[in-house]
Amino acid sequence: DIKALAQDDNYVYVGGYTTKKVYKLNKSDLSKAGESVDYGGGINALAQDDNYVYVGGDTTKKVYSIVNYYTLAGYNRIK
């Protein structure tokens, strides 16, 4: 299930319940350009700024930032 979308100039970021990851898709053809590590629960919300994608959702009930906005390498907990 897709529950959250965010975008920048080149990519669409998709999060949801089944994979519990954020997928980075190319806008040109929606091919997968990257994916995050498992969030630990369903993803309900995505937001971004110039450097990060922020992820919030179920189970963990925490907000995480994806370490590298462009490669989707992992998560850092926001304290």
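Tyr 39 counts as buried because its relative accessibility is 4%; buried means under 20% relative accessible area, exposed over 50% and partly exposed in between, with a 1.4 Å probe and protein chains only. Tyr 64 is buried too, at 16%.

This is a predicted model, where local features need pLDDT of at least 70, side-chain atom pairs count only at pLDDT 80 or more, and totals for chains, interfaces and linings use all residues. Residues are numbered from 1 along each chain as its sequence is written, and side-chain values use heavy atoms, leaving out hydrogens and water.

## Aromatic pairs

The whole structure holds three aromatic pairs. Rings of Phe, Tyr and Trp (its six-membered ring) pair if their centres lie within 6.5 Å; planes under 30 degrees apart are stacked, over 60 edge-to-face, and the rest tilted. One of the pairs joins Tyr 39 and Tyr 64 edge-to-face, with 5.5 Å between centres and 90° between planes. Tyr 39 sits in the loop between β4 and β5 and Tyr 64 in strand β7, 25 residues apart, so this pair links distant parts of the chain.

Another is the tilted pair of Tyr 11 and Tyr 13, at 6.5 Å and 55°.

## Around Tyr 11

What lies over the face of Tyr 11? Lys 24 does, at 4.3 Å from the ring centre; such a charge needs NZ of Lys or CZ of Arg within 6 Å of the centre and within 35 degrees of the ring normal.

Tyr 11 is also among the contacts of Ala 33 beyond four places in sequence, contact meaning heavy atoms within 4.5 Å. Ala 33 is partly exposed, at 37%.

Note on methods:
Helix = DSSP H or I, 4+ residues; strand = E, 2+ residues; numbered from the N terminus.
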